[in-house]
Structures are given as C-alpha cells and as structure tokens.
Amino acid sequence: KKTRTNGLPVGVSWCNVEDCYKSYCAQLNGKNKTLGRFTNPKDAFAAYCKFKEAMAQKLVETYFGQIDARAIEALSSFKVEKYTKEAI
C-alpha cells in the first residue's frame, strides 16, 4: 500500500509526448504490456485492475489441482483494490 510520489494510481503513468494517461502491467511472462491510453487516471486504473485480476484467474486455471487450495482461493478472490490505496 505504498504511496506513489507522482500522485497516480499503480499501473498508470502520464505520457507527455501523447498527452494522455497510459496503463501498463507486467504479464505472466515478465514483459510489460501497455493496456491502453486514457483521458483520465480513473479509466487507466480500471484497465489495470481488470487485466491484473484476469491474470490471477489465468493462474487459477493453470495451476488448479497442482497447488494448495488456499493459494487457489487467494487467487480466485484477488482484487487489486485490496492491496492498493486507490479505489475505482
């Protein structure tokens, strides 16, 4: 629940060149993915949350039956807002 010094939510940055907010997230393969360009940080953060939570569900599908049921439950109920100070 770290506070960002630029005042933007996690996964969101301002792009001076394009004059917009960008949303980005690391994928399961470790590479960053730009999720889109937005006119406001709220929409950019919503895109980040949707992508991050979808990745958690993908992990559930991939590792179901291979890892502890508590880990599956934690991934199944994962919500970004629980771990950040920002809210949509």
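Trainee: Which residues are linked in a network of salt bridges?

Mentor: Happy to start there, with a word on the basis first. This is a predicted model in which local features need pLDDT of at least 70 and side-chain atom pairs count only at pLDDT 80 or more, while totals for chains, interfaces and linings use all residues. Residues are numbered from 1 along each chain as its sequence is written, and side-chain values use heavy atoms, with hydrogens and water left out. Taking a salt bridge as a side-chain nitrogen of Lys or Arg within 4 Å of a carboxyl oxygen of Asp or Glu, the network links E18, K22 and R37.

Trainee: How far apart are the closest N and O atoms of R37 and E18?

Mentor: R37 forms a salt bridge with E18. This pair links distant parts of the chain, 19 residues apart: R37 sits in strand β3 (residues 32-38) and E18 in the loop between β1 (12-15) and β2 (20-26). Strands here are DSSP runs of E with at least two residues, and helices are runs of H or I with at least four, both numbered from the N terminus. The closest N and O atoms are 2.4 Å apart.

Trainee: Is K22 buried or exposed?

Mentor: K22 forms a salt bridge with E18, with 3.3 Å between the closest N and O atoms. Buried means under 20% relative accessible area, exposed over 50%, and partly exposed in between (1.4 Å probe, protein chains only). E18 is partly exposed at 36%. K22 has a relative accessible area of 19%, so K22 is buried.

Trainee: Which residue forms a salt bridge with E53?

Mentor: The whole structure holds 4 salt bridges, and one of them joins E53, in helix α1 (residues 41-63), to a residue in the segment after α2 (69-76), 26 residues apart. The closest N and O atoms are 3.9 Å apart, and the partner is K79.

Trainee: Which residues does Y48 touch, not counting residues up to four places away in sequence?

Mentor: Y48 lies in helix α1 and is buried, with a relative accessible area of 9%. Counting contact as heavy atoms within 4.5 Å, Y48 touches V10, G11, S23, Y24, C25, L35 and V80.
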